[in-house]
Amino acid sequence: MNNATSDAVACRLVAVVATFNRLSELKVTLARLLESPPDHLAAVVVFDNASVDGTDAYLARLAQQDGRVDVIRSARNIGGAGGFEQGMRHAVRVHDPDWLVLMDDDGRPEVGTLARFHSQDRSMAHGWAAACYTLDGRICDINRPSINPFWNRAVLRKTVTGSGRNGFHLGEEAYNAAEPRDIDGTSFVGFFISRAGVELAEYPDGDLFIYGDDVLYTLRLRARGGRILFDPALRFDHNFSTLNSEKQRFRPLWKTYYHYRNLLMVYRLCAGKWFALVLPAVALKWLLKVQNYKGHRRRYVGLVLRALRDGLLSRKKVDHDVVLGWGDETPR
């Protein structure tokens, strides 16, 4: 990609950050964002999911100090998916952006990333995905953009002949490349979407609560004719901690339900007519992971079975308190 700033096109960029009870992370993210001048970042919409850790007081003070900070405080926790849906709707309605950039409270652009976004003409795509790294400099696995193998025969062949997940997710070669490349799905940590992209894909599905809303949304954008490019020059840090990487366990346990229910919906959208072949394989894979949940195996299996049921039925309006009860890890 040409790095000349002469290619830049003036645009109004607005950030949307969803947060819940991670004040220490949120402070780092907002400080990083607000280092950018107003011509690089016009506003920051923060959707606070009814945090109880002092986030509301902090955001109130920050909004007084910097008029670019626009806070939406929810009366209840509607999850990251609900936060992004409501935050994006508010940002478009109130701030009239040309582009939005989305992130969780524990993800933030590296210094200079927003300037690099503005230094190029981004009009050739509806969305741009950033390269996300862990704090120790490794590629953040959960944020690796993907290519739908059911839309690409070469990727499907690579996936089924032994590469597995690495067959359809971008690897080091893409992260080290000098040029952007087309993708089909990505996360909301460092996702830039144009106003035209929002008009095409509309808004994320807030009923998903957490997990998969980003991939389903970006796949929908592609399915409707939109283009998404991965640009390794747009770098984000992500301090991700939900999954215990050593034992591959979700903490807290209730997150298992949302992850697998929503992932099943992702597989259905990706696989289309081939979904009936995919379903038994993924269900068996998830159930076999019970070995990682010593002391909570019955709870884990119950969560997976409910996730399979509700994913197949596209049942999304499940009360969060009910899910918390399903994942209760209190010793009995």
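**Entry 1: the model**

I am working from a predicted model. I keep that in mind for every value below.

**Entry 2: H1 against H2**

I started with helix H1, residues 23–34, and helix H2, residues 55–65. I get an angle of about 20 degrees between them, and their axes lie 11 Å apart. Angles under 35 degrees count as roughly parallel, so I log H1 and H2 as roughly parallel to each other. The crossing of H1 with H2 is right-handed.

Next I listed the contact. From H1 I have Leu23, Leu26, Lys27, Leu30 and Leu34. Their partners in H2 are Thr55, Tyr58, Leu59 and Leu62. By class I find 7 nonpolar residues, 1 polar and 1 charged in this contact.

**Entry 3: H9 against H10**

I then turned to helix H9, which spans 213–223, and helix H10, residues 255–271. H9 and H10 pack at an angle of about 15 degrees, with 9 Å between their axes. This pair is therefore roughly parallel as well. I note a left-handed crossing for H9 and H10.

Which residues of H9 meet H10? I find Val215, Leu216 and Leu219 on the H9 side. On the H10 side they meet Asn262, Met265, Val266, Leu269 and Cys270. The contact holds 7 nonpolar residues and 1 polar, with no charged residues.

**Entry 4: H10 against H11**

H10 also packs on helix H11, residues 275–288. Here the angle is about 155 degrees, and the axes are 10 Å apart. Angles over 145 degrees count as roughly antiparallel, so that is how I record H10 and H11. H10 passes H11 in a right-handed crossing.

H10 brings Tyr260, Leu263, Leu264, Tyr267, Arg268 and Ala271 to this contact. H11 answers with Phe275, Val278, Leu279, Val282 and Trp286. I sort the residues into 10 nonpolar, no polar and 1 charged.

I checked the loop between strand S11 (249–250) and H10, where Pro252 sits. The peptide bond from Arg251 to Pro252 is cis, and I read omega near -5 degrees.

Where does Glu202 lie? I place it in the loop between helix H8 (195–201) and H9.

**Entry 5: the second largest pocket**

Last, I looked at the second largest pocket. I have a volume of about 360 Å³ for it. Its lining counts 16 residues. Nearest its centre I find Arg76, Asn77, Ile78, Phe209 and His320.

Which helices each supply at least two residues of this lining? I find helix H3 (79–95) and helix H13 (320–326). H3 gives the most, with 3 residues. By class, I sort the lining into 4 nonpolar, 5 polar and 7 charged residues.

**Entry 6: to revisit on screen**

I will go back to H10 with both partners in view. H9 is roughly parallel to H10, whereas H11 is roughly antiparallel to H10. The H9 crossing is left-handed, and the H11 crossing is right-handed. I also want to see Pro252 in the loop that leads from S11 to H10. For the pocket, I will begin with the residues nearest its centre, among them Phe209 and His320.

Methods:
Residues are numbered from 1 along each chain as its sequence is written. This is a predicted model: local features need pLDDT of at least 70, side-chain atom pairs count only at pLDDT 80 or more; totals for chains, interfaces and linings use all residues. Side-chain values use heavy atoms; hydrogens and water are left out. On a 1 Å grid over the protein atoms alone, a cavity is a set of points where a 1.4 Å probe fits but cannot get out, and a pocket is an open set with protein on both sides within 12 Å along at least five of seven lines; lining residues have an atom within 4 Å of a point. Grid points are joined across faces, edges and corners, and a volume is the space filled by probe spheres set on the points. Helices (H or I, at least four residues) and strands (E, at least two) are DSSP runs, numbered from the N terminus. Ala, Val, Leu, Ile, Met, Phe, Trp, Tyr, Cys and Pro count as nonpolar, Asp, Glu, Lys and Arg as charged, and the others, Gly among them, as polar. Axes are lines fitted to C-alpha atoms, for helices over the stretch in contact, and angles run from 0 to 180 degrees between N-to-C directions. Angles under 35 degrees count as roughly parallel, over 145 as roughly antiparallel, 65 to 115 as roughly perpendicular and the rest as oblique. A crossing is left-handed if the near helix is turned anticlockwise from the far one by less than a right angle, and right-handed if clockwise. Contact means heavy atoms within 4.5 Å.
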